[in-house]
Amino acid sequence: MILPAAQAVVAALAPGHAARILDVGTGSGALVPAIGAAAADVTVVGLDASAEMLQRCRSAAGIPAIRCDALSLPIRDAAVDAVLLAFVLFHLSDPVQAVAEAARVLTYGGLVGTATWARDGPMEADEVWDETLTEAGAPPLPAGRVDAALDSEDAIGGLLAGAGLRPTRIWLEPLCHRWGLPAFYRFATGSGRNRQRLQQLNAGQRGEVLDQVLKRLRALDPDAFAWSGEVVCAVATLSMLGMKVVTAELPVHVAPSSRIASAARFFQPVISGRSRTPGRAVRSVQYGPVHGSVPPEHRRPLRASGAALCWASTGTANGN
Ligand SMILES: C[S@@+](CC[C@H](N)C(=O)[O-])C[C@H]1O[C@@H](n2cnc3c(N)ncnc32)[C@H](O)[C@@H]1O
(Lines give C-alpha, C1' and ligand atoms only; values in the text may rest on other atoms or scores of the structure.)
Protein backbone atom coordinates (compact mmCIF):
# COMPACT_ATOMS: atom_id res chain seq x y z
CA MET A 1 0.00 0.00 0.00
CA ILE A 2 2.77 2.47 0.90
CA LEU A 3 5.41 1.02 -1.40
CA PRO A 4 4.62 3.14 -4.51
CA ALA A 5 5.73 6.33 -2.73
CA ALA A 6 9.02 4.81 -1.61
CA GLN A 7 9.51 3.30 -5.06
CA ALA A 8 9.11 6.80 -6.53
CA VAL A 9 11.93 7.99 -4.25
CA VAL A 10 14.10 5.07 -5.35
CA ALA A 11 13.46 5.91 -9.01
CA ALA A 12 14.34 9.57 -8.37
CA LEU A 13 17.56 8.56 -6.63
CA ALA A 14 18.59 6.98 -9.95
CA PRO A 15 21.99 5.98 -8.64
CA GLY A 16 24.55 5.38 -11.32
CA HIS A 17 26.20 2.20 -12.47
CA ALA A 18 28.00 0.15 -9.83
CA ALA A 19 26.49 2.20 -7.04
CA ARG A 20 26.81 1.29 -3.37
CA ILE A 21 23.50 1.89 -1.65
CA LEU A 22 22.43 1.71 1.99
CA ASP A 23 18.78 0.99 2.72
CA VAL A 24 18.52 2.32 6.28
CA GLY A 25 15.47 0.96 8.13
CA THR A 26 15.17 -1.63 5.41
CA GLY A 27 12.51 -3.68 7.22
CA SER A 28 11.88 -6.83 5.21
CA GLY A 29 13.81 -5.37 2.27
CA ALA A 30 10.64 -4.62 0.30
CA LEU A 31 12.40 -1.87 -1.64
CA VAL A 32 15.37 -3.94 -2.71
CA PRO A 33 13.83 -5.05 -6.06
CA ALA A 34 13.05 -1.39 -6.90
CA ILE A 35 16.62 -0.38 -6.04
CA GLY A 36 17.94 -3.15 -8.27
CA ALA A 37 15.71 -1.97 -11.09
CA ALA A 38 16.85 1.67 -10.70
CA ALA A 39 20.52 1.00 -11.34
CA ALA A 40 22.60 -1.66 -12.95
CA ASP A 41 25.14 -3.55 -10.90
CA VAL A 42 24.24 -2.06 -7.52
CA THR A 43 25.41 -3.31 -4.16
CA VAL A 44 22.64 -2.88 -1.62
CA VAL A 45 23.13 -3.31 2.11
CA GLY A 46 20.14 -3.28 4.43
CA LEU A 47 20.38 -1.82 7.93
CA ASP A 48 17.74 -2.07 10.60
CA ALA A 49 17.40 -2.03 14.38
CA SER A 50 15.18 -5.10 14.41
CA ALA A 51 16.80 -8.54 14.27
CA GLU A 52 13.48 -10.05 13.20
CA MET A 53 13.16 -7.63 10.26
CA LEU A 54 16.75 -8.31 9.21
CA GLN A 55 16.12 -12.03 9.22
CA ARG A 56 13.15 -11.48 6.91
CA CYS A 57 15.23 -9.13 4.77
CA ARG A 58 18.04 -11.66 4.34
CA SER A 59 15.71 -14.45 3.30
CA ALA A 60 13.25 -12.39 1.20
CA ALA A 61 15.62 -9.90 -0.45
CA GLY A 62 18.87 -11.88 -0.28
CA ILE A 63 21.06 -8.90 0.60
CA PRO A 64 23.61 -8.44 3.38
CA ALA A 65 21.82 -6.95 6.36
CA ILE A 66 23.35 -5.30 9.41
CA ARG A 67 21.72 -4.68 12.76
CA CYS A 68 22.34 -1.12 13.91
CA ASP A 69 20.77 2.14 14.97
CA ALA A 70 20.13 4.61 12.16
CA LEU A 71 21.60 7.27 14.47
CA SER A 72 25.03 5.64 14.38
CA LEU A 73 25.79 3.77 11.18
CA PRO A 74 28.68 1.29 11.31
CA ILE A 75 29.93 2.61 7.98
CA ARG A 76 33.04 4.67 7.33
CA ASP A 77 32.89 8.23 6.02
CA ALA A 78 32.27 8.81 2.31
CA ALA A 79 31.77 5.12 1.59
CA VAL A 80 28.48 4.93 -0.33
CA ASP A 81 26.77 6.52 -3.32
CA ALA A 82 23.22 6.66 -1.98
CA VAL A 83 21.32 6.30 1.28
CA LEU A 84 17.64 5.51 1.41
CA LEU A 85 15.60 6.46 4.50
CA ALA A 86 12.12 5.31 3.48
CA PHE A 87 9.39 5.46 6.11
CA VAL A 88 11.92 5.38 8.92
CA LEU A 89 12.73 8.92 10.08
CA PHE A 90 9.46 9.26 12.03
CA HIS A 91 10.37 6.20 14.11
CA LEU A 92 13.63 7.71 15.31
CA SER A 93 14.35 9.65 18.49
CA ASP A 94 16.62 12.03 16.55
CA PRO A 95 15.89 12.34 12.80
CA VAL A 96 18.40 15.21 12.55
CA GLN A 97 21.19 12.87 13.66
CA ALA A 98 20.00 10.16 11.25
CA VAL A 99 20.23 12.55 8.30
CA ALA A 100 23.64 13.76 9.50
CA GLU A 101 24.79 10.11 9.55
CA ALA A 102 23.47 9.60 6.03
CA ALA A 103 25.41 12.68 4.88
CA ARG A 104 28.56 11.49 6.64
CA VAL A 105 28.69 8.16 4.82
CA LEU A 106 27.98 9.66 1.38
CA THR A 107 30.56 10.36 -1.27
CA TYR A 108 30.46 13.77 -2.98
CA GLY A 109 27.67 13.86 -5.50
CA GLY A 110 26.01 11.06 -3.53
CA LEU A 111 22.27 11.07 -2.88
CA VAL A 112 19.93 10.69 0.05
CA GLY A 113 16.27 9.76 -0.47
CA THR A 114 13.59 10.11 2.20
CA ALA A 115 9.89 9.28 2.52
CA THR A 116 7.81 10.51 5.46
CA TRP A 117 4.11 10.98 6.10
CA ALA A 118 2.38 14.26 5.29
CA ARG A 119 -1.04 12.68 5.94
CA ASP A 120 -2.15 9.15 6.75
CA GLY A 121 -5.93 8.55 6.65
CA PRO A 122 -8.21 8.67 8.60
CA MET A 123 -10.35 5.68 7.61
CA GLU A 124 -13.64 4.80 9.26
CA ALA A 125 -12.91 1.06 9.39
CA ASP A 126 -9.77 1.82 11.45
CA GLU A 127 -11.79 3.92 13.85
CA VAL A 128 -14.25 1.05 14.33
CA TRP A 129 -11.36 -1.27 15.19
CA ASP A 130 -9.95 1.25 17.59
CA GLU A 131 -13.28 1.79 19.39
CA THR A 132 -13.97 -1.94 19.68
CA LEU A 133 -10.56 -2.61 21.20
CA THR A 134 -10.88 0.29 23.63
CA GLU A 135 -14.35 -0.86 24.74
CA ALA A 136 -12.94 -4.37 25.34
CA GLY A 137 -10.28 -2.90 27.65
CA ALA A 138 -7.21 -3.01 25.38
CA PRO A 139 -5.46 0.27 26.18
CA PRO A 140 -4.19 2.41 23.30
CA LEU A 141 -0.49 1.97 22.57
CA PRO A 142 1.97 4.86 22.86
CA ALA A 143 2.53 6.71 19.59
CA GLY A 144 4.56 4.49 17.25
CA ARG A 145 5.87 7.37 15.22
CA VAL A 146 6.20 11.14 15.35
CA ASP A 147 5.30 12.87 12.09
CA ALA A 148 5.73 16.43 13.42
CA ALA A 149 8.60 18.30 11.74
CA LEU A 150 8.78 15.64 9.02
CA ASP A 151 5.37 16.14 7.45
CA SER A 152 5.84 18.93 4.94
CA GLU A 153 8.08 19.74 2.01
CA ASP A 154 9.50 22.74 3.91
CA ALA A 155 10.27 20.69 7.01
CA ILE A 156 12.08 18.00 5.04
CA GLY A 157 13.92 20.58 2.94
CA GLY A 158 15.17 22.24 6.14
CA LEU A 159 16.16 18.91 7.67
CA LEU A 160 18.23 17.92 4.64
CA ALA A 161 19.84 21.35 4.24
CA GLY A 162 20.74 21.32 7.95
CA ALA A 163 22.92 18.27 7.30
CA GLY A 164 24.76 20.01 4.47
CA LEU A 165 22.69 18.29 1.78
CA ARG A 166 21.21 20.13 -1.18
CA PRO A 167 17.63 19.04 -1.93
CA THR A 168 17.27 18.41 -5.65
CA ARG A 169 13.63 17.39 -5.60
CA ILE A 170 10.94 17.41 -2.91
CA TRP A 171 7.38 16.49 -3.75
CA LEU A 172 4.14 15.12 -2.35
CA GLU A 173 3.13 11.66 -3.49
CA PRO A 174 -0.58 10.89 -3.05
CA LEU A 175 -1.54 7.35 -2.10
CA CYS A 176 -4.94 5.70 -1.92
CA HIS A 177 -6.24 2.24 -1.31
CA ARG A 178 -9.69 0.73 -1.19
CA TRP A 179 -9.73 -2.29 1.09
CA GLY A 180 -12.10 -5.21 0.73
CA LEU A 181 -13.45 -6.33 4.10
CA PRO A 182 -11.67 -9.73 4.16
CA ALA A 183 -8.28 -8.21 3.27
CA PHE A 184 -8.68 -5.41 5.79
CA TYR A 185 -9.70 -7.88 8.51
CA ARG A 186 -6.70 -10.10 7.73
CA PHE A 187 -4.35 -7.12 7.74
CA ALA A 188 -5.72 -5.64 10.97
CA THR A 189 -5.67 -8.92 12.87
CA GLY A 190 -2.40 -10.18 11.46
CA SER A 191 -0.08 -7.18 11.78
CA GLY A 192 0.35 -3.72 13.06
CA ARG A 193 -0.87 -1.95 16.14
CA ASN A 194 -4.33 -3.53 16.26
CA ARG A 195 -2.69 -6.93 16.49
CA GLN A 196 -0.47 -5.75 19.33
CA ARG A 197 -3.53 -4.46 21.17
CA LEU A 198 -5.36 -7.74 20.60
CA GLN A 199 -2.45 -9.58 22.25
CA GLN A 200 -3.12 -7.61 25.43
CA LEU A 201 -6.46 -9.43 25.85
CA ASN A 202 -7.00 -12.97 27.04
CA ALA A 203 -8.17 -15.63 24.58
CA GLY A 204 -11.85 -15.27 25.58
CA GLN A 205 -11.86 -11.48 25.25
CA ARG A 206 -10.01 -11.74 21.96
CA GLY A 207 -12.65 -14.04 20.49
CA GLU A 208 -15.40 -11.64 21.57
CA VAL A 209 -13.62 -8.63 20.11
CA LEU A 210 -13.08 -10.40 16.80
CA ASP A 211 -16.79 -11.36 16.58
CA GLN A 212 -17.86 -7.88 17.55
CA VAL A 213 -15.57 -6.07 15.15
CA LEU A 214 -16.50 -8.30 12.25
CA LYS A 215 -20.17 -7.56 12.87
CA ARG A 216 -19.47 -3.82 12.96
CA LEU A 217 -17.26 -3.87 9.88
CA ARG A 218 -19.90 -5.75 7.88
CA ALA A 219 -22.39 -3.00 8.67
CA LEU A 220 -20.15 -0.31 7.18
CA ASP A 221 -20.49 1.34 3.81
CA PRO A 222 -17.70 0.44 1.27
CA ASP A 223 -16.41 4.03 1.54
CA ALA A 224 -15.49 3.31 5.15
CA PHE A 225 -12.69 1.13 3.73
CA ALA A 226 -11.28 3.83 1.46
CA TRP A 227 -7.94 5.10 2.73
CA SER A 228 -5.87 7.95 1.34
CA GLY A 229 -2.62 9.46 2.42
CA GLU A 230 0.16 11.72 1.22
CA VAL A 231 3.89 11.15 1.47
CA VAL A 232 6.65 13.75 1.47
CA CYS A 233 9.28 12.36 -0.90
CA ALA A 234 12.70 13.95 -1.20
CA VAL A 235 16.05 13.50 -2.86
CA ALA A 236 19.09 15.53 -1.86
CA THR A 237 22.71 15.49 -2.84
CA LEU A 238 25.94 15.99 -0.98
CA SER A 239 27.20 18.76 -3.15
CA MET A 240 30.29 20.89 -2.91
CA LEU A 241 27.98 23.91 -3.02
CA GLY A 242 26.68 22.86 0.36
CA MET A 243 30.10 23.14 1.94
CA LYS A 244 31.29 25.81 4.29
CA VAL A 245 34.41 27.63 3.30
CA VAL A 246 37.58 26.21 4.69
CA THR A 247 40.10 28.12 6.67
CA ALA A 248 43.80 27.70 6.40
CA GLU A 249 46.45 29.45 8.43
CA LEU A 250 49.74 29.13 6.63
CA PRO A 251 52.84 30.74 8.15
CA VAL A 252 54.31 32.71 5.29
CA HIS A 253 57.82 31.37 5.80
CA VAL A 254 56.76 27.75 5.89
CA ALA A 255 56.20 26.01 2.65
CA PRO A 256 52.90 24.13 2.79
CA SER A 257 53.46 20.51 3.62
CA SER A 258 52.84 18.11 0.81
CA ARG A 259 49.69 16.99 2.57
CA ILE A 260 48.33 20.51 2.65
CA ALA A 261 49.50 21.22 -0.84
CA SER A 262 47.70 18.17 -2.07
CA ALA A 263 44.53 19.06 -0.19
CA ALA A 264 44.74 22.63 -1.44
CA ARG A 265 44.47 21.40 -5.00
CA PHE A 266 40.82 20.85 -4.30
CA PHE A 267 40.13 24.28 -2.92
CA GLN A 268 40.46 27.81 -4.05
CA PRO A 269 41.14 30.84 -1.84
CA VAL A 270 38.01 32.91 -1.47
CA ILE A 271 39.01 35.33 1.27
CA SER A 272 42.47 36.44 2.29
CA GLY A 273 43.54 38.47 5.25
CA ARG A 274 45.97 38.92 8.10
CA SER A 275 45.93 36.50 10.97
CA ARG A 276 44.69 37.86 14.26
CA THR A 277 47.31 35.80 16.12
CA PRO A 278 49.66 38.40 17.67
CA GLY A 279 53.36 38.14 17.01
CA ARG A 280 53.10 35.67 14.17
CA ALA A 281 53.68 36.41 10.56
CA VAL A 282 50.80 34.39 9.36
CA ARG A 283 48.74 34.67 6.27
CA SER A 284 45.14 33.69 6.84
CA VAL A 285 43.28 32.37 3.87
CA GLN A 286 39.81 31.02 3.64
CA TYR A 287 39.39 28.39 1.01
CA GLY A 288 36.20 27.46 -0.73
CA PRO A 289 35.62 24.26 -2.62
CA VAL A 290 36.44 24.11 -6.30
CA HIS A 291 34.53 22.07 -8.80
CA GLY A 292 35.03 18.36 -8.80
CA SER A 293 35.03 15.98 -5.94
CA VAL A 294 37.16 16.09 -2.85
CA PRO A 295 38.63 12.72 -1.99
CA PRO A 296 37.62 11.26 1.36
CA GLU A 297 41.09 11.68 2.85
CA HIS A 298 40.63 15.44 2.66
CA ARG A 299 37.27 15.51 4.39
CA ARG A 300 38.61 15.77 7.91
CA PRO A 301 40.69 18.52 9.49
CA LEU A 302 44.27 18.21 8.33
CA ARG A 303 47.19 19.18 10.49
CA ALA A 304 50.81 19.61 9.65
CA SER A 305 53.72 21.26 11.43
CA GLY A 306 53.53 25.02 11.26
CA ALA A 307 50.28 25.10 9.39
CA ALA A 308 46.75 23.86 9.57
CA LEU A 309 44.08 23.37 7.02
CA CYS A 310 40.60 22.66 8.26
CA TRP A 311 37.29 22.40 6.64
CA ALA A 312 33.75 21.67 7.66
CA SER A 313 31.41 19.34 5.91
CA THR A 314 28.24 21.19 6.79
CA GLY A 315 27.14 24.66 5.93
CA THR A 316 24.80 26.73 3.89
CA ALA A 317 24.26 26.33 0.19
CA ASN A 318 25.97 29.62 -0.58
CA GLY A 319 29.10 28.71 1.33
CA ASN A 320 28.68 31.29 4.12
C1 LIG B 1 7.94 1.20 8.30
S2 LIG B 1 9.38 0.23 8.25
C3 LIG B 1 10.05 0.75 6.70
C4 LIG B 1 10.64 -0.39 5.91
C5 LIG B 1 11.18 -0.03 4.53
N6 LIG B 1 12.10 1.08 4.57
C7 LIG B 1 10.05 0.27 3.57
O8 LIG B 1 9.85 1.45 3.22
O9 LIG B 1 9.37 -0.69 3.18
C10 LIG B 1 10.44 1.04 9.41
C11 LIG B 1 11.67 0.25 9.75
O12 LIG B 1 12.54 1.07 10.52
C13 LIG B 1 13.18 0.25 11.47
N14 LIG B 1 13.70 1.10 12.57
C15 LIG B 1 13.00 1.69 13.57
N16 LIG B 1 13.84 2.35 14.37
C17 LIG B 1 15.10 2.18 13.88
C18 LIG B 1 16.39 2.62 14.27
N19 LIG B 1 16.58 3.40 15.36
N20 LIG B 1 17.45 2.28 13.53
C21 LIG B 1 17.30 1.50 12.43
N22 LIG B 1 16.10 1.05 12.02
C23 LIG B 1 15.00 1.38 12.73
C24 LIG B 1 12.09 -0.70 11.92
O25 LIG B 1 12.63 -1.87 12.53
C26 LIG B 1 11.40 -0.99 10.61
O27 LIG B 1 11.93 -2.13 9.97
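**Exercise 1.** In this predicted model, determine which residues of helix α6 are buried, and where around the axis of α6 they lie.

*Solution.* Begin with the residues themselves: in α6, I156, L159 and L160 are buried. Next, consider their directions around the helix: because these residues cover an arc of only 95° around the axis, they lie on the same side of α6. This can be set beside the general rule that an α-helix has 3.6 residues a turn, so residues three or four places apart point the same way. Finally, the partners: the buried residues of α6 pack against α4, β5 (106-120), β6 (166-178) and β7 (226-237).

**Exercise 2.** Describe how helix α4 (residues 95-105) packs against helix α6 (residues 153-162), beginning with the axes of the two helices.

*Solution.* The two axes come within 9 Å and cross at roughly 50°, which makes α4 oblique to α6. The crossing in which α4 passes α6 is right-handed. At the level of residues, P95, V96 and V99 of α4 meet L159, L160 and G162 of α6, and the residues of this contact divide into five nonpolar, one polar and no charged.

**Exercise 3.** Decide whether A8 counts as buried, partly exposed or exposed, and identify the residues that A8 touches.

*Solution.* A8 belongs to helix α1 (residues 3-13). Because being buried requires 20 or more neighbouring C-beta atoms within 10 Å, whereas A8 has 18 C-beta neighbours inside 10 Å, A8 counts as partly exposed. Leaving aside residues up to four places away in sequence, A8 touches E173 and C233. The C-alpha atoms of A8 and C233 are separated by 7.9 Å, although the two residues are 225 residues apart along the chain.

How values were computed. Residues are numbered from 1 along each chain as its sequence is written. This is a predicted model: local features need pLDDT of at least 70, side-chain atom pairs count only at pLDDT 80 or more; totals for chains, interfaces and linings use all residues. Axes are lines fitted to C-alpha atoms, for helices over the stretch in contact, and angles run from 0 to 180 degrees between N-to-C directions. Helices (H or I, at least four residues) and strands (E, at least two) are DSSP runs, numbered from the N terminus. Angles under 35 degrees count as roughly parallel, over 145 as roughly antiparallel, 65 to 115 as roughly perpendicular and the rest as oblique. A crossing is left-handed if the near helix is turned anticlockwise from the far one by less than a right angle, and right-handed if clockwise. Two residues are in contact if their C-beta atoms, placed from the backbone, lie within 7 Å. Ala, Val, Leu, Ile, Met, Phe, Trp, Tyr, Cys and Pro count as nonpolar, Asp, Glu, Lys and Arg as charged, and the others, Gly among them, as polar. A residue is buried if 20 or more other C-beta atoms lie within 10 Å of its own, exposed if 12 or fewer, and partly exposed in between; C-beta atoms are placed from the backbone. The arc is that of the directions from the helix axis to the C-beta atoms.
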